[in-house]
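Biologist: I have a model open on my screen and would like to learn how to read it. Could you take me through a few features?

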Amino acid sequence: MKWFLHKLAMMFGADPRKAAPTEETDAAREMKRFKKTPDQVQKRKEIIDHEHQYPLVSNKWRNMRWASIILINAMFIVSFAWDVQLVEGSMSASRFLGFHMADPNAALQVFLAYKDLVLNLVIGTVTVVLLWWIVGGRAFCSWACPYHLLAEWAEAIHLFLAKRGWVKDHPFHRGLRVVLWFIFMGLAFGTGYTVFEYINPVGIVSRALIYGPTVAVVWVIFLLGVEIFFSRRFWCRYVCPIGLTYGITGAVAPVQIKYDLEKCVHEGECRAVCLVPHVLEITKMGYASDTTEFIGPDCTRCGLCVDACPQEALSFTIRGLDKII
Amino acid sequence: MTDASQTPKKPRLTRRELERRRLILRTVGLGVAAVAAGLVGWYPVYRKLFDRLRPPGALAEKEFLAACIKCGQCVQVCPVEAIKLADGDEGYGLGVPYIDARAQACDFSCDAVQCVLACPTGALSHAIATKEEVTMGFARLARPESCLAMKGEGFTGLARGYDFTGLLRYEEIDRWEPQPVASHPYELDLCDLCVRECPIQGAISLERISDDPADPRRIPTVHKACVGCGTCEMICPTEPAAIIIDTEITLEAQS
């Protein structure tokens, strides 16, 4: 429980740390001890060398995810363009086959600014919260958010330039996102305007895709420029309050990424590709608390680590499924 | 450097501490920048740089901006596509719906307030159910000197020219399919387009200017029933329109 609270605290900006001896299970302690024997260290070294010689490249989850983002946003576009009434509206609020859907972050701002509740908005928000709770809260970010896709492409450019030493990543403190979440909610309440929606690239991109380009898109291009030249994925990592709202939504979601200590060779391929690498600190030698564990609420379930891990130590799973079957 | 007899100075920061300090400073900078960027949107609203006609059922401007979730569902249901979403230059009005009546008025082709029914947040208030209950604005003869009826003139041809894209419900042609204004030529001895095409009963009429029965001149007179839909502004054949809609903001400024 304490270990889970630590993972929750990490979502709110706490630095990752090793599992304390009191948080370790006996099995984990035993396995860590075993993994530190010279024989095992040598064996892992050989495995890693072999991997580097014959790298395996898989983009299975990434491709499915990109298809998902494109499909979801295409449904919005097509619904309006051809008047098929599949998903009317945009990312902030919509009707899916007539059922209300509302972005919980935008809905909360509207509630705080307007100080009144309309039943349709409550229904829409609850529906969305339940849907994304099942698949893992921040799964919204990596499986639906149109800005996420653009940011992934910007990230690829950033990494390409960084590899050649032309740009450098400037990290920020992750606690900023929490502070901004409260500031923007406070501003909505205090000023009576949905202030964050003015700079929200998700809303801007979604509306531009559906209703045609706007000047506001320049702001999104600027943000992508910052991500390419100054700070890797800075908006999603350190700023976006929507990510935090969905993170809370899916704190104890059924769909999880499971880490298997036994299979892991601790080379860190997963952390190199991750949007939120702090959740994968448990893959460092000696950090995990159990032989298998879920990697934490801030995870966007994007599956990049699952693709990246040559040992299949990380996998998609459904909480409690092993107990049912 | 290693001289122990030196007076103890402030301990030099290690590389790690220096990095940490830079990270914190950078973070504060980003936080301030993000909030500042958010607050930029306040300026156009505060200065009332834009005076927009809002869709039927819209709450009072301040509340409307608060309650609107910027989803555009009202845009999607409008059969004449009268509703547009504002751009970033309108500050907190970004993504909020408005109607440019001159380009495409709300002519109630939907048989009343589909946009209200579509609104998920009540920004377009469900308190109204019929077109007569709408209060978007109020029509005003802003340029009486250019009004054809005021001059006693008729009108022949297309009200807004052949390239005008606006639609209007011409019930005698098709009750269910709004027709392009550009497909519908008029031949009028006295121009009464604003009265003829008004979708609201008793909202506007032509009144005599003088007691002389031979005097053809008439003045378009707006009555209380006017809901401010803007159909008169759209159909007015003079350029610019002789009759316009005063929005809530304008009306407040006038009173």
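Biologist: Which residues in helix 4 of chain A meet helix 8 of chain A?

Modeller: Before that, some ground rules: this is a predicted model, where local features need pLDDT of at least 70, side-chain atom pairs count only at pLDDT 80 or more, and totals for chains, interfaces and linings use all residues. Residues are numbered from 1 along each chain as its sequence is written, and chains are lettered from A and ligands numbered from 1 in the order in which they are written. Helices (H or I, at least four residues) and strands (E, at least two) are DSSP runs, numbered from the N terminus. Contact requires C-beta atoms, placed from the backbone, within 7 Å. Here, A:W66, A:I69 and A:N73 of helix 4 meet A:P146, A:H148 and A:L149 of helix 8. These contact residues divide into 4 nonpolar, 2 polar and no charged (Ala, Val, Leu, Ile, Met, Phe, Trp, Tyr, Cys and Pro count as nonpolar, Asp, Glu, Lys and Arg as charged, and the others, Gly among them, as polar).

Biologist: At what angle do the axes of helix 4 and helix 8 of chain A cross?

Modeller: Axes are lines fitted to C-alpha atoms, for helices over the stretch in contact, and angles run from 0 to 180 degrees between N-to-C directions. The axes of helix 4 (residues 60-81) and helix 8 (residues 146-163) of chain A cross at roughly 135° and come within 9 Å. The two helices are therefore oblique to each other (under 35 degrees is roughly parallel, over 145 roughly antiparallel, 65 to 115 roughly perpendicular, the rest oblique).

Biologist: What is the strand order in the open sheet of chain A?

Modeller: Strands pair if DSSP finds at least two bridges between them. The order is 1-2-3, with antiparallel pairing. Strand 1 (87-90) and strand 3 (99-102) of chain A each have a single partner strand, so one side of each lacks a neighbour in the sheet. Strand 2 (residues 93-96) and strand 3 of chain A pair over 4 bridges, and A:F96 has A:F99 in strand 3 as its bridge partner. Helix 6 (residues 119-135) of chain A packs on the sheet, touching strand 2 and strand 3.

Biologist: How many residues does each chain give to the contact between A and B?

Modeller: Chain B gives 36 residues and chain A gives 47. On the chain B side, helix 1 of chain B supplies the largest share, 11 residues.

Biologist: What ipTM does the predictor give the complex?

Modeller: The ipTM is 0.89, and the pTM is 0.91.

Methods:
Two residues are in contact if their C-beta atoms, placed from the backbone, lie within 7 Å.
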